[in-house]
Amino acid sequence: MTVLDRVKLWGLKKSPWVYHVNTGACNNCDIEVLELLTPRFDVERLGVVLAASPRHADALLVTGICTRQARPRLQEIYRQAAKPCLVVCLGACACTSGIFYDAWHFAGPVDKVVREVDPDAKIIYIPGCPPKPEAMIAGIAKALGDL
Amino acid sequence: MVPENLEEVVQRVKALAGDLPVQWTRPLPRRLYASVAKQNARSLAKVLFKDSGARFATATGTDLGEELEVVYHFEYDTVGLVVNMRIRTPKGDPVLPSLVPVVPPADWIEREINDLLGVVFEGHPDPRRLILADDWPQGVYPLRRDQKT
Amino acid sequence: MTHRTIIPIGPYHPLQEEAEFFQLFVEGETVVDMDVRLSYNHRGIEGVSMKRTWDQVPYAVERVCGICSASHPLAYVQAVEEICGAKVPERALYIRTIVNELERIHSHLLWFGLAGHFIGFNTVFMWAWRYREPSLDALEVVSGSRINYANHTVGGSRLDLDPEKVKYVSEKLDEIERPLDMFITTALEDPVLSLRLKGVGVLTPEAARLLGAVGPTARASGLPIDVRRDDPYAAYDRVDWDVITATHGDVFDKAVVRLLETKEAIRILRQALRDLPDGPIQTPVKEIPPGEGVGHVEAPRGETFHFVKSNGGPGPERHKIRAPSYINIPTFKATCIGQPIADVTITLAAIDPCYSCTERMLVVRDADSGKELMDFGDLVRLSQQKTEQIRKFVLS
């Protein structure tokens, strides 16, 4: 099965609602997430929908380094999200910290911040700066396929 | 080739500054630096912003070791001239006059320099924290040299 | 006594990717005051810059903001070139221009799409982002990445263009130009768009001048300022182009300015691609002596201003970064006061605020009454409803 077949399969099985959280990012990853909605990639035909609230989310798309100010809010959003909830660390900043490892407002990385709330949180990593939209789709498909 | 009215603008600014004790340097045709004592900062800012119509761009705060420095950047768009007004204060007396009463758009950047460098801008109408987190400790200034963050 | 409520804008609306914290104070349906709290997006990138070497900094500052990703490194390298006196080869100046104008196209079309969504023209969103793709493809072929180009370096350009790439970029411009022309005509003539956006969010020339507004936000109010012409850099003084201004300073004019600037960007690009001179793309720079330099460029949102201090060391002693949104966001106070709430999202969007550049933060604050407040999604819906009402009125 190609990646696209698998995506279509879980699109049929399950229509994942994803909630996008920016914890202090440069916006690149965030824009590429929006790209997924546009005609070229059009993830809505695959069943992926952007949720308006974390309470309806199957997955959190997290970008950014998790700044000091964002930290409590990220944890609050994770708590509010319907469980089970997949945390997708999108981009180098969310995966590790990217180039901001020694920045004074860095309070992440994202996985550590989420695990403080839930040590068993399901977290996947899609690296890139930013990851291309194709990479995001492939990453999410792989993660949902492995679940 | 430097346009003729660039020189006119430079002369006019210097003339308007009049007797104010300003140390002018001009490393490049379109870059003018004006060092002034803090007690004269507002007067020179008025010359630049109000009397000669410059646009306010931003300000740079730096820890120089013994002193804290703030350079305010003004621009004359019609001739592409940038005037950088420099004021300094000893670290032990980190107080400068706020330019906001004369240059309203300096509001945010003075608050930011206060957050990051610990300069107190006397006369700032709204000296609240601007960019550091709510739980960032008081008295910790990330742009200070001795700050280990 | 009218009841004052606080309406926070944000936090995590799917189409407003960044976090920002605006508090709007309303009496009835009218905005009477506004406050902004930054911090959420603040990463401390000026500190990061100071811990890097001169040639590492461009990669760091590219990531100040994803959409103005070519503008920040260019402003930085120009500031450093002022300090060391490096003379950038002609070919590199043209390549810098090509990368930055391609960025302007993708940025303005991105904005146009978002603005369309806020007022309920979702076809505009889809159209604008579809025709943005050729500019991203062009950037990917030129630099290897759709965003974050890693081109600008102290002394020149890292990337070079062979004839094949030049041809590819020209073809991509062809793909954008005709739909863009058609769209500009349609947008200017659409009665619903006119009624919806004209007279909304007006920034007077006096306010624009006083607050130091830059970019399309200033030019839509009639201020003829553009760094590319006022303090020319790269190859902007070697090609023909016009500074676009409008007169009313409302959201409609801001949209028109950006659309026409996109056309001008294509015009600049065609000349730059045609006239690309031969020669090296970098001048070797061995060290940076002590000194100070200013580097400013006209990013899509307005002037990006960098100030760099060197003490002769391996990296900047101090690197000040001021993005255009930092100086433009406060104009929102001038434009939103007196507006109905339904117009707030489009008025704010009209500044094209790039929150990463401004380092903003988002929190939901409770009104003094403790009542449930509107969130950003509600505000967008209000805005879209207003458009619907206008559309019904026009079609009736």
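These are my notebook entries on two residues and one chain of a predicted model.

**Chain C, overall**

I started with the secondary structure of chain C and found 16 helices and 8 strands. I then looked up burial: of the 396 residues in chain C, 60% are buried. Next I took the contacts in chain C between residues at least 6 apart in sequence, and 74% of these join residues at least 24 apart.

**Pro300(C)**

I located Pro300(C) in the loop of chain C that runs between strand S6 (291–299) and strand S7 (302–310). Is Pro300(C) buried or exposed? I counted 28 C-beta neighbours inside 10 Å, and the cut-off for buried is 20 or more, so Pro300(C) counts as buried.

I then asked which residues Pro300(C) is in contact with, leaving aside neighbours within four places in sequence. The list has Ile67(C) and Cys68(C), then Glu103(C) and Arg104(C), and also Ser107(C) and His108(C). I also checked Glu261(C), which is 39 residues from Pro300(C) along the chain; their C-alpha atoms are separated by 9.2 Å.

**Lys83(A)**

I moved to chain A, where Lys83(A) sits in the loop between helix H3 (71–80) and strand S4 (86–90). Why does Lys83(A) count as exposed? It has 10 other C-beta atoms within 10 Å, and a residue is exposed if the count is 12 or fewer.

Conventions
Residues are numbered from 1 along each chain as its sequence is written. Chains are lettered from A and ligands numbered from 1 in the order in which they are written. This is a predicted model: local features need pLDDT of at least 70, side-chain atom pairs count only at pLDDT 80 or more; totals for chains, interfaces and linings use all residues. Helices (H or I, at least four residues) and strands (E, at least two) are DSSP runs, numbered from the N terminus. Two residues are in contact if their C-beta atoms, placed from the backbone, lie within 7 Å.
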